[in-house]
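Trainee: I would like to learn how to read salt bridges, cores and surface patches in a model. Please take them one at a time.

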Amino acid sequence: MGTRIQSHQLKNGLFVSGRREQQQKEKQPTMAARAVPYTGGDIKKSGELGKMFDIPAVVEPPKAPPSRASTSSSGSIRNSSSGPIRNSSGPLNVVLPTGLFTSGPIGSGPLGSGPQRRSGQLDNSAVGSGTGSGSSKALYGSAVTSVAGDVKVGFRVSRPVVWVVMVVVVMGLLVGAFLMVAVKKAVILLAVGAVLVPLIVGLIWNCAWGRSGLLGFVRRYPDTELRGAIDGQYVKVTGVVTCGSIPLESSYQKVHRCVYVSTELYEFRGLGGKSAHSKHRFFSWGSRHSEKFVADFYISDFQSGLRALVKAGYGAKVAPFVREATVVDVKKENMDLSSSFLRWLADRNLSSDDRIMRLKEGYIKEGSTVSVMGVVRRHDNVLMIVPPQEPLSTGCQWFRCLLPTYVEGLVLTCDDNQNADVVPV
């Protein structure tokens with residue numbers, strides 16, 4: 001005999017099997033004043049979520065409300081309403097100024113583990129770490145090139161020509177000496193002198209005017225339009241410069257937003273004076289301290305209007321020809337030094353005893369007109385000017401009686417007047 005299966009009808013008219021259970025009264029949703037406890041990802045503590053997976057809920061015993069002093073010391077977070085205290089079982093969430101939620105307090109993790117600064121940027125923590133309080137010596141990283149000393153300008157003559165000249169000079173001296181001893185006439189001495197004197201005068205002339213001849217060659221070199229320049233072409237670009245990612249600052253006058261800065265301290269050595277360096281001659285000015293820095297910058301071509309990135313940083317070879325202006329002049333008549341100059345000397349461990357000194361400073365400020373000579377490089381639609389692998393040679397300048405002069409690296413010239421007044425101290 002079959003058993004009758006009980007069924008019942010729902011409110012929507014659908015018949016289902018089983019007995020009718022006692023329907024619980026529907027409760028209206030209410031807004032709880034207290035905050036929902038943080039579960040930390042534990043399903044046992046998640047209430048309704050745990051019931052879905054048939055996991056019994058864990059009921060924590062009620063805790064006594066902590067005192068005011070213990071609440072502030074234990075790090076618990078009190079809700080703004082009058083609800084109970086909520087203890088964080090997971091990491092503390094922090095809202096950054098950008099609106100991003102992060103775990104842990106501000107300053108933890110890789111972003112806050114140390115001072116964040118880009119390579120080559122001015123290290124502010126090291127600025128005040130000089131010898132005296134209030135040090136202002138700038139320390140740059142590897143992204144800024146430190147130019148050592150003056151630009152080296154040399155003469156480029158082929159070795160065969162040098163050997164031929166040396167052989168001719170030696171043979172002339174030997175023949176002249178033999179004939180002078182054999183004939184015993186002063187005419188031979190005059191003939192030898194007529195050969196050697198022009199050679200010596202020409203060498204002295206080139207040593208004295210070789211740098212000026214190179215600058216004249218750079219000024220006469222025609223400008224190149226960047227629009228038609230091809231990759232690998234040696235060009236000269238003249239235009240207005242703007243700072244790159246790392247603007248520079250002059251050390252004494254504190255001129256901001258520069259692409260090149262130089263500060264040099266010169267000393268005059270008299271008959272019994274102190275020498276600035278090992279090769280300092282008597283009755284001449286010698287460089288005692290030098291600071292020259294240059295970084296990557298942009299130049300806008302006057303002809304085409306295109307902007308190119310000049311790769312002068314990261315240890316690149318750069319030959320800057322920038323006029324320096326005297327900003328401090330210390331003479332025998334007035335040895336009283338200003339406080340700013342004394343501070344500048346103290347920051348660099350330089351003595352300020354009785355010396356005749358002269359401080360010169362030069363810079364290329366943003367917005368100046370500059371000429372750059374280098375090689376064009378195009379990479380991913382980025383136009384760059386990089387240092388050439390071969391040095392720049394002027395060739396023989398016969399009308400000026402100058403031998404071929406060469407210089408290595410990017411050639412950087414600026415003729416803008418800095419309008420710097422001499423400060424007598």
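Mentor: Start with the salt bridge, defined as a side-chain nitrogen of Lys or Arg within 4 Å of a carboxyl oxygen of Asp or Glu. This is a predicted model, in which local features need pLDDT of at least 70 and side-chain atom pairs count only at pLDDT 80 or more, while totals for chains, interfaces and linings use all residues. Residues are numbered from 1 along each chain as its sequence is written, and side-chain values use heavy atoms, with hydrogens and water left out.

Trainee: How many salt bridges does the structure hold?

Mentor: There are 12 salt bridges. Some join into a network, and E267, R288 and R355 are linked in this way.

Trainee: Which residue forms a salt bridge with R355, and how far apart are the closest N and O atoms?

Mentor: The partner is E267, with the closest N and O atoms 2.7 Å apart. The two residues are 88 residues apart and link distant parts of the chain: R355 is in the loop between α6 (339-347) and β14 (357-365), and E267 is in strand β8 (residues 258-269). Helices (H or I, at least four residues) and strands (E, at least two) are DSSP runs, numbered from the N terminus.

Trainee: Are R355 and E267 buried or exposed?

Mentor: Buried means under 20% relative accessible area, exposed over 50%, and partly exposed in between (1.4 Å probe, protein chains only). R355 counts as buried because its relative accessibility is 14%, and E267 counts as buried because its value is 2%.

Trainee: Where are D296 and K311, whose side chains also meet in a salt bridge?

Mentor: Their N to O distance is 3.2 Å. D296 is in the loop between β9 (284-294) and β10 (297-301), K311 is in the loop between β11 (307-310) and β12 (318-322), and the pair is 15 residues apart. D296 is buried at 14% relative accessible area, whereas K311 is partly exposed at 25%.

Trainee: What is the N to O distance in the salt bridge of D329 and K331?

Mentor: That distance is 4.0 Å. D329 is buried, at 14%, and K331 is partly exposed, at 44%.

Trainee: Now the cores. Which residues have the most contacts inside the largest nonpolar core?

Mentor: In soluble globular proteins, nonpolar side chains tend to be buried together. A nonpolar core is a set of buried Ala, Val, Leu, Ile, Met, Phe, Trp, Tyr and Cys residues joined through side-chain atoms within 4.5 Å. The largest has 26 residues, and F297, I299, I364, V372 and I385 have the most contacts inside it. Strand β7 gives the most to this core, with 4 residues. A second, separate core of 12 residues includes V328, V330, L345 and M357.

Trainee: Which residues form the nonpolar patch on the surface?

Mentor: Patches are made of residues with over 30% relative accessible area and no salt bridge; like charges are joined within 9 Å, and nonpolar side chains (Val, Leu, Ile, Met, Phe, Trp, Tyr) within 5 Å. Accessible areas come from the Shrake-Rupley method with a 1.4 Å probe, and for residues only the protein chains shown count as cover. V161, V165, V195, L199, I200 and I204 form the patch, with about 520 Å² of accessible area together. Helices α4 (159-183) and α5 (186-220) each give two or more residues to it, and α5 has the largest share, 4 residues. I204, found in α5, is exposed at 55%.
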